[in-house]
Amino acid sequence: MPQTRVPLKDPMFSALLAFLVPGLGHFYQRRMFKAVLYAVCILGTFFTGMRIGHGQVVYFNWQSTENRTYAYLCQFWVGLPALPALAQAELRSSRAFDVNYMPKPMTSQFAGKLTAETSDFDGPIAGSITLRPHELNMPHLWTGKLSGELQTAKGPVKIEGDVTPGSGSLDPEVAPSEKRRLSGTFEGRTSEQPDVVIRGGLEGHIPRPIWNSYEAPLRDLRVNDFAGDQTDLDRAHFLLGSRFELGVVFTMIAGLLNILAIYDALEGPAYDGEEEEGAAAEPTPAPA
Amino acid sequence: MWSDLFLAAAEGPLPRIWFAVPLIVVISLVYSASRYEAPDRILRRAGRLSLTIGGFMLGVLALLVALSHGL
C-alpha cells in the first residue's frame, strides 16, 4: 500500500461506505469537498439515467445466456441505489411476475376509462376497486368490485359494479412501472338510474407501490414468437427508443465512476502532495 | 432539477449528442478527484481534461463528417 499524506481514517470501512453511498466514505474521512463532488456527480448521473429511462434501465436478469443484463455489472458499483435490482430479481417469488395473479383480496385506487355499450356512459372513471380471487385456490381467476365516479357527457355520476371474472387482464404484482394495468368487462349501475345496467369494457390502472416497481426486472420471455407477442423489454424499447440506451449508458458510467471513488477512499489520491503529477510545471510561488 | 431538464431534452428535439457534455464534465471531475486532493487542482485538471475529451470527440466527429461527405 503506497504511503499517503492524506489521513485515511479506517480505509477498508471508508471504502465500504463509499461503495454503499457514493461520497459517504469521504464524508467519514472528513474529505468534504470530495464527498460532495462524488455524491453529486455519481448519484446525479445515476438518477438522471434512471429518469431518462423511465426507471426501466437498471435491473438484474441472469436467467439465460441471451437475456443477461451485463450492464448491471457496471451499475452495481453505485451501491445502495442499485442493489434493490438484485433483491427484486432473486428474492421475489416467481408468482409475483405472473399476469392475473391475485392470491388474496386487496383494495386500491383505480383510474381509467369505461367504454360502455351505450355511449351515454362512456368516459373516464375513478374510484376504489377491491380485487380478490374468484374462488379459493384459483389465484389466476380474479374478480373486482369498483365503486367510483364516472364522468359522462352529462356530468359526473356515482357508479358501482363488478369486473367479470376471467374477462380481463391484470399486470403482475412486480414490474418496472408505477401503474399496474387492469382491464376487463364491467357491469354496474349508477346511483341516478339504479334500474339501468351498464355494460362495457373497463381499462385503467391501479398504483403499484415503489417496492414493487423500483428496479424490477423487465421480463423478456416471449410466449409465442409467431404471434408477435411483446415482452416487457420489447415494450420498453418501443416506448423509449434511444432513451433506453441513453439511460443505460448514464447509469453504467455512474457505477464505473464510483469504482474510482471507492479506490480513492481506500488508497487516497494517485498523486498526493509532493508526488502530484506536473508539480514541477506548476511551481508554488516563493514567499515575499 | 437538472434531471428534469435532461428528461425534457431527451423527449424533445435536442440532438442526443448534447448528452455527452454533462457526461464529459462528470467523468473529468471524478477522474481528477481520484488523482488529486486539493480542490483547486481538481477543478483545474477537470477543466483541462473536459477540453481534451471534448476536443478529441469533436475531431472524431469532424473526421466522420469529412469521410461521409457526399454519401
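In chain A, a hairpin of 6 residues links strand 1 to strand 2. This is a predicted model, where local features need pLDDT of at least 70, side-chain atom pairs count only at pLDDT 80 or more, and totals for chains, interfaces and linings use all residues. Residues are numbered from 1 along each chain as its sequence is written, chains are lettered from A and ligands numbered from 1 in the order in which they are written, and side-chain values use heavy atoms, with hydrogens and water left out.

Let us begin with the strands. Helices (H or I, at least four residues) and strands (E, at least two) are DSSP runs, numbered from the N terminus. Two strands pair if DSSP finds at least two bridges between them. Strand 2 of chain A has the pairings listed here.

| Strands of chain A | Residues | Sense | Bridges |
|---|---|---|---|
| Strand 1 and strand 2 | 106-116 and 123-133 | antiparallel | 9 bridges |
| Strand 2 and strand 3 | 123-133 and 142-152 | antiparallel | 9 bridges |

To find these pairings in the model, look for A:Phe110, whose bridge partner in strand 2 is A:Gly127. Likewise, A:Pro133 has A:Trp142 in strand 3 as its bridge partner.

Now for the meeting of the chains. Contact (heavy atoms within 4.5 Å) involves 30 residues of chain A and 27 residues of chain B. The buried area, meaning the accessible area (1.4 Å probe) that two parts lose on being put together, summed over both, is about 2,800 Å² between chain A and chain B, and carbon and sulfur atoms give 65% of it.

There are 2 salt bridges between chain A and chain B, each a side-chain nitrogen of Lys or Arg within 4 Å of a carboxyl oxygen of Asp or Glu. One of them joins A:Lys34 to B:Glu37, with the closest N and O atoms 3.0 Å apart. On the side of chain A that touches chain B, helix 3 (32-52) and helix 8 (242-267) are the elements that give two or more residues. Helix 3 of chain A gives the most, with 11 residues.

How do the helices meet? Helix 3 of chain A packs with helix 3 (residues 39-67) of chain B at an angle of about 35 degrees, and their axes are 10 Å apart. Here axes are lines fitted to C-alpha atoms, for helices over the stretch in contact, and angles run from 0 to 180 degrees between N-to-C directions. In this contact, A:Phe33, A:Lys34 and A:Leu37 meet B:Pro39, B:Ile42 and B:Leu43.
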